[in-house]
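Subject: Structure handover

Hello,

Here is the structure we spoke about, with my notes below it. Please read them with the coordinates open.

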Amino acid sequence: MNAPFQPESISLDQLQIGLRASIASIDWDTLEDGEAARLRHFGFDEGVTVEPLHLGPFGRDPLAIRVGRMTVAIRRSHARAVRVLPVA
Amino acid sequence: MNPLPLVAVAGSPNAGKSALFNALTGARQKVGNYPGVTVERHSGRLTLADGRPIELVDLPGAYSLDPASPDEAVTRDVLLGKQKGERQPDALVIVVDASNLDNHLRFALQLIELGLPTIVALNMIDLAKRDGLELDAKRLEAELGVPVIETVAVRKRGIAELQTALDDLLSAPSCPITERVPTELILLQRRARDIATASVISESPVRRWTHRLDSILLHPVAGPVILAAILFLMFQAVFTWATVPADALEAATLAVGNWIGDALPDGPLRSLIIDGVFAGVGAVIVFLPQILILFAFILVLESTGYMVRAAFIMDRLMSSAGLSGRAFIPLLSSFACAVPGIMATRTIDDPKDRLTTILVAPLMTCSARLPVYTLIIAAFIPPASVGPGIGVQGLVLFGLYVAGIAGALLAALVLRRTVVKGGGGQFMMELPKYQVPRLADVAIGLWQRTAIFLKRAGTIILATTIILWALASFPQAGPGEKQSDVSIAGHIADGIHTIVAPIGFNKDISLALLPAMAAREVAVAAIGTVYSLDAEDEQGLQTLEQRLSGRWTLPTALAFLAWFVFAPQCISTIAVTRRETNGWKWPLFMVGYLFVLAYVAAGATYWTAVALGL
């Protein structure tokens, strides 16, 4: 169920704090079942707007990400599975 | 078989479900466990307007019916009528956060599909308004096809309306549940978003409180500093605020003990009551104020939403020890008691993360160790201060907590590379809105936890003290003999003493080690019992501190403290570990490695202290 790779997209962990982006694709295969389920529970889906808000103080990990009306924390390694298109 | 109609309260995490449950049932709740699993079951009664009683059950928070944790599995099984020890609910109250409808409606839609009579509580409507969100409850009702009631659970708003709606719902003839093909989650999610968008009347962008607070509390520099300050304040508070009520309790126990002692004739009964019950249980009850303060801090941190931020800050450090930030909450709860802490590990999805957390949880300084620490510190560490508000006693206590944490992280690291290898390690959690905690909700939580502690003091500890009193009292010492030498307990202690003598433990400590397995705080009670039996010649009851400081050397006291940082845990912890890991393998492993750690730590402390000439 991978969407075609969009060259202008970047991975979510590369997105600057405070910048909004729209989810282009999620590489579900790199996630374990439980992890993928949780991301879906949090509302991660193509077309959804996300915005990184905070970084963990140690090693800039984990990331606090606004998704819809929720703020969720995920690790950098999981954020790499999410490709986003920055919103102008 | 209970004939009362059963109504389940369900909802996503952070929907304010427990607050709504509290508002509906009040403080009269029953806390139990679902059989076979260690998921807590909270239930309570509610009387409807026509006088009909119903039973309300608070289901664990879940994001969907396809579970990613054991808690969510229980929620699913109860709702589908497949949970052992629970009948299928007759009706549902679904709690959703008004300002997070896009997400919470997904689970609500899934639950409505079950076909049970259902009401949706549109909760925290005031916070949504504060955030500039105007919602159309009628439109939502039309979209969902079930009654929607606006509520503010923490202010008890909408509760009466909810009860009326429940009344109507249970009076209407219920239709049988039909098996339906579950709709795919992602489709439900998209539909939830559409409904949420349709239900919004207006939205004005407001800089939210939560974001402002997070920019300070999750700041890369300020965040960890504030966290450390909060934890430090917590432990200073445990030591200082509790002094007055603890002293009062101690004085009262002494007074009542002396009064009964004077009234009773000399003999075994007087000895049992004074030396067994009063000296034993009294010594533990005295620590209730401290335990209450600790529980209160943890409850407030939980209900404000700060606990999750602490996990966020700590995740990277925890992950370097092979744990997840999620382990931070169970481990922090273990500061109160390892039993609920180990039970809280259910929220950790990864089984290896979870096992490691369980194995190191007993290293967190539980409140049962606090009586031991407090007693020894009060008896041996001077009450001097090294700065405004910073006492040496508080510093030593802080140091003991730090030693436990360091030990746990180190143990986790070693365990992750040896016996619990592999596993990705994950950290995925919601950062809920900050909330001002409601006093009544904190009070209910505090009462439930206190009841558990008092029950333990009243049963396990009382029984252990009485058995120990018997072992320590018989056979009776002849003239010129010391009671603690000739008794059965004395002989058992002699055996233990040969093992622990190299690490500086005297016979009194040897005598306390065995009953300490029942519950750690019994060590204090045990020492109390031994000393009051030996103190026949002294006038009245002396405080335990006075007796101790005359009998132990400083290195011995320090070694005893070090032992208790790592000490093998109480029977309840072993039992809950067996239950949570499904077998004896891991609890036995845990006891073994903790024994070795405690022995080495106490020995190192003793010999260092002796070498320094303390």
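Helices (H or I, at least four residues) and strands (E, at least two) are DSSP runs, numbered from the N terminus. The model is a predicted one: local features need pLDDT of at least 70, side-chain atom pairs count only at pLDDT 80 or more, and totals for chains, interfaces and linings use all residues. Residues are numbered from 1 along each chain as its sequence is written, while chains are lettered from A and ligands numbered from 1 in the order in which they are written.

Chain A

Chain A has two helices and six strands, and from the N terminus on its elements run β-β-α-β-β-β-α-β. Its radius of gyration (taken over C-alpha atoms) is 12 Å, close to the 12 Å of the globule rule for 88 residues, so chain A is as compact as a globular protein of that length. That rule is 2.2 Å times the number of residues to the power 0.38. Along the principal axes, the C-alpha atoms of chain A fill a box of roughly 35 × 35 × 25 Å.

Of the 88 residues of chain A, 45% count as buried. A residue is buried if 20 or more other C-beta atoms lie within 10 Å of its own, exposed if 12 or fewer, and partly exposed in between, with C-beta atoms placed from the backbone. Two residues are in contact if their C-beta atoms, placed in that way, lie within 7 Å. Among contacts in chain A between residues at least 6 apart in sequence, 61% join residues at least 24 apart.

Strand 4 (residues 63–67) of chain A is largely enclosed by the rest of the structure, because four of its five residues are buried. Two strands pair if DSSP finds at least two bridges between them. Strand 4 of chain A is joined to strand 3 of chain A by five bridges, antiparallel, with Pro52(A) opposite Ile65(A). Five bridges also join strand 4 of chain A to strand 5 of chain A, again antiparallel, and here Arg66(A) has Thr71(A) as its bridge partner. Strands 4 and 5 of chain A form a hairpin with two residues between them, and Gly68(A) in the turn has a positive phi of about 60°.

Contact between the chains

The contact takes 27 residues from chain A and 30 residues from chain B. On the side of chain A that touches chain B, helix 1 (33–41), strand 3 (49–55) and strand 5 (70–74) of chain A each supply at least two residues. Helix 1 of chain A gives the most, with six residues. The residues on this side of chain A divide into eleven nonpolar, eight polar and eight charged. Ala, Val, Leu, Ile, Met, Phe, Trp, Tyr, Cys and Pro count as nonpolar, Asp, Glu, Lys and Arg as charged, and the others, Gly among them, as polar.

Strand 5 of chain A and strand 12 (residues 428–430) of chain B run antiparallel and are joined by three bridges; Ile74(A) stands opposite Met428(B). Not counting residues up to four places away in sequence, Val72(A) touches residues of both chains, including Phe42(A), Ile65(A), Met428(B) and Leu431(B).

A nonpolar core is a set of buried Ala, Val, Leu, Ile, Met, Phe, Trp, Tyr and Cys residues joined through C-beta atoms within 7 Å. In the largest one, of 129 residues, Val72(A) and Leu561(B) touch the most other members. Helix 25 (residues 554–566) of chain B gives the most to this core, with ten residues. A second, separate core of 57 residues includes Val57(B), Val120(B), Val154(B) and Leu166(B).

Chain B

In chain B, seven strands form an open sheet with mixed pairing, in the order 2-3-4-1-5-6-8. Its edge strands, each pairing on one side only, are strand 2 (29–33) and strand 8 (148–150) of chain B. Strand 5 (residues 91–97) and strand 6 (residues 118–123) of chain B pair in the parallel sense over six bridges, one position being Val96(B) with Leu122(B) as its bridge partner.

Helix 1 (residues 17–25) of chain B is mostly covered, with eight of its nine residues buried; among them are Lys17(B), Phe21(B) and Asn22(B). Gly26(B) follows helix 1 of chain B and has a positive phi, near 75°.

Regards
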